[in-house]
Amino acid sequence: MNFAEIEKGISTPAKKANDGTISNGGVYGSLLSTPIINPPQSAIPGMHATVSRPMVVGGNVVPRPMKYLSLTYDHRLIDGREAVFFLRRIKDVIEDPRRLLLDV
């Protein structure tokens, strides 16, 4: 998608979030939960609170923001391998949005 297509498409994920198709317990302080699939959904991502956690960076322990993401999915329809690849892609573009914009 180019920038114009992204701008036009921003309202779609926002509407989905407002309609409850993305479980966002993080706004209520949830650190981790398991979203429940509501028919006819085949999967639902969960986003949780961003909190400061100790991380090892270059051999030193430093505070870094962390967010847990989850994905509940119907194993009859979605293989675990693809679900994990999807979550990894989401993680990658959250950590570096240029990956999404530049498709890398």
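Student: What makes Ser70 count as buried?

Tutor: Its relative accessible area in this predicted model is 13%. Buried means under 20%, so Ser70 is buried.

Student: Where does Ser70 sit, and what does its side chain meet?

Tutor: Ser70 is in strand S2, and its side chain makes a polar contact with that of His48 at 3.3 Å. The cut-off for such a contact is 3.5 Å between N or O atoms, so 3.3 Å passes.

Student: Which elements make up the rest of the chain?

Tutor: The chain has four helices and two strands, in the order α-α-β-β-α-α. Of its 104 residues, 16% are buried.

Student: Why is the pair Lys91 and Glu95 called a salt bridge?

Tutor: The N to O distance between their side chains is 3.0 Å. The limit is 4 Å, so the pair qualifies. Lys91 and Glu95 are four residues apart in helix H3 (residues 80–95), which means about one helical turn separates them.

Student: Are those two residues buried or exposed?

Tutor: Lys91 is partly exposed at 31%. Glu95 has 57%, and exposed means over 50%, so Glu95 is exposed.

Student: What makes Asp92 and Arg99 a salt bridge?

Tutor: Their side chains come to 3.8 Å, N to O. That is within 4 Å, so Asp92 and Arg99 count. Asp92 is buried at 18% relative accessibility, whereas Arg99 is partly exposed at 32%.

Student: How do you know that Asp96 and Arg98 form one as well?

Tutor: The closest N and O atoms of Asp96 and Arg98 are 2.9 Å apart, again within 4 Å, so this pair is a salt bridge. Asp96 has a relative accessible area of 19%; with the cut-off at under 20%, Asp96 is therefore buried. Arg98, at 54%, is exposed.

Student: What do these pairs belong to?

Tutor: A network of salt bridges links Lys91, Asp92, Glu95, Asp96, Arg98 and Arg99. The count of salt bridges comes to seven.

Student: Where is confidence lowest and where is it highest?

Tutor: Helix H2 (residues 11–18) is lowest, with a mean pLDDT of 64, and strand S2 (residues 60–73) is highest, at 92. The chain has a mean of 82, and 78% of its residues reach 70 or more. Where pLDDT is low, the predicted coordinates should not be read in detail.

Note on methods: Residues numbered from 1 in each chain as written. Predicted model: local features only at pLDDT ≥ 70, side-chain atom pairs only at ≥ 80, totals over all residues. Heavy atoms only, no water. pLDDT = per-residue confidence, 0-100. Buried < 20%, exposed > 50% of the residue type's maximum accessible area, 1.4 Å probe, protein only. Polar contact = N/O pair within 3.5 Å; in protein donor to acceptor, adjacent residues only side chain to side chain.
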